[in-house]
Amino acid sequence: MSIALTVATALATRAADLAQRQSPSAFTIGIDFDQVIHDDFDGWREGAIYGPPIHGAIEALDRLLRAGWSLFVMTARHPRQHEAIAQWLRQRLDWEVIVDDQDPERAYWHGPELLVSSRKFGALAYIDDKGLTFHSWETVLDGLPDRPDTSAWASGTEAAPAAADTTVPDWFADADAAYCQQRVDQDVDTYTALRHQADQINALLDKLGVTPVRRAEVGRGLFLVPALLLEAAEDGDGNEVQATWDSGFEHVALAVREAEDLPNGTARIVGALCDLADIAKARYAPAPPARPDAGMDPLAIALAALARRVDPDCLSADAHAVTTALHGLTAAIVLATGSAGTRV
């Protein structure tokens, strides 16, 4: 039984039990904010709410609210930031979002609005990126790392954090803030562009009816994670095939890695992805001829250049015409020098 099915079965059993006991928590779900709904991809940044939604988060909230669930957003942020969280959600949802009034009598949340709170109300489940599912204390303790050693912080030894530099001029604070904001804007632009590329890849795969091993995503270090379509064949008779984005030609492309290049080899683009046949073609794409070593004679280099086939799917019509012309010139030079019995 899969982990997802096991979890779904456990939740269904718990929901039925809570509903039978008429517990208000049977229809409530608590959801963490940062890294579950809001992507704070560059860390805390003094508490700024600067990131885009986690992929699929807004759609999931809308779906759960339409299904009649009572939802509350859990956050460890200071209560003075709760209204900013609520406003961020209002800009993206067609549902009323309210801030917890900290009523000490409230132990459950049961309402059609989305509630923002720092409290953990009774619920059927809590969706949190840092949660440890409790089965027994043995499994929990086995999964926890050792506590970091902070003794040097209190003793004032050399290992203690350095004291803040108070010699920085006052005006530099404005310059630093402007630079930080510039970086935030650049990172948001980069994330938006990468998110668009990943969405284009996934949309084309859905259109072609392809269920990938892994869908395209944006890595936390702001890089595109290609969709993994096929694993490399264990017997070497079949490449690993990825769907990626070709920034040079602004389209979805196929990239491959031969079995001997795994796990750390770089994938190479072999052509555009237009239909299912392209995937099969990439699966069996031969490895390119080895590049000549430095010091080989020019004639061997020219012959190797001719042997390296350029896939027209990777090039525009004009670029392919230029490449073909260059290959023709190279062939003519090789033929002329070979006929004359001279070296290139």
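Predicted model: local features only at pLDDT ≥ 70, side-chain atom pairs only at ≥ 80, totals over all residues.
Local features require pLDDT of at least 70 and side-chain atom pairs count only at pLDDT 80 or more, whereas totals for chains, interfaces and linings use all residues. Residues are numbered from 1 along each chain as its sequence is written, and side-chain values use heavy atoms, with hydrogens and water left out.

Helices (H or I, at least four residues) and strands (E, at least two) are DSSP runs numbered from the N terminus. Two strands are taken as paired if DSSP finds at least two bridges between them. An open sheet of 5 strands has the order S3-S4-S2-S1-S5, with parallel pairing. Its edges are strand S3 (97–99) and strand S5 (125–127), each of which pairs on one side only. Neighbouring strands of this sheet are turned by 25° against each other on average, direction ignored; axes are lines fitted to C-alpha atoms, for helices over the stretch in contact, and angles run from 0 to 180 degrees between N-to-C directions. Within the sheet, strand S2 (residues 70–74) pairs with strand S4 (residues 114–117) in the parallel sense over 3 bridges. Methionine 74 has serine 117 in S4 as its bridge partner. Helix H3 (residues 82–90) lies across S2, S3 and S4 and runs at about 180° to S3.

A further open sheet contains 4 strands in the order S8-S9-S10-S11, and its pairing is antiparallel. Strand S8 (227–230) and strand S11 (268–272) stand at the edges with a single partner strand each, so one side of each has no neighbour in the sheet. Strand S10 (residues 251–257) and S11 run antiparallel and are joined by 4 bridges; leucine 254 stands opposite glycine 271 in S11. Helix H6 (residues 170–208) packs on the sheet and touches S8, strand S9 (240–246) and S10, contact being heavy atoms within 4.5 Å. The direction of H6 makes about 130° with that of S9.

The whole structure contains 14 salt bridges, defined by a side-chain nitrogen of Lys or Arg within 4 Å of a carboxyl oxygen of Asp or Glu. One of them joins aspartate 100 and arginine 119, with an N to O distance of 3.0 Å. Aspartate 100 lies in the loop between S3 and S4 and arginine 119 in the loop between S4 and S5, so the pair ties together parts that are 19 residues apart in sequence. Asp100 and Arg119 also belong to a network of salt bridges with Asp101 and Arg106. Aspartate 100 is classed as buried because its relative accessible area is 6%; the classes are buried under 20%, exposed over 50% and partly exposed in between (1.4 Å probe, protein chains only).

Arginine 268 and glutamate 258 form another salt bridge, their closest N and O atoms being 2.7 Å apart. This pair links distant parts of the chain, 10 residues apart: arginine 268 is in strand S11 and glutamate 258 in the loop between S10 and S11. Arginine 268 is partly exposed at 24% relative accessible area, whereas glutamate 258 is buried at 9%. Aspartate 42 and arginine 45 meet in a salt bridge at 2.2 Å, N to O, and aspartate 42 is partly exposed at 33%.

Leu132, Phe134, Trp137, Leu141 and Leu144 form a nonpolar surface patch with about 590 Å² of accessible area together. Patches consist of residues with over 30% relative accessible area and no salt bridge, like charges being joined within 9 Å and nonpolar side chains (Val, Leu, Ile, Met, Phe, Trp, Tyr) within 5 Å. Accessible areas come from the Shrake-Rupley method with a 1.4 Å probe, and for residues only the protein chains shown count as cover. Leucine 141 is placed in helix H4 (residues 137–143) and is exposed, with a relative accessible area of 55%.
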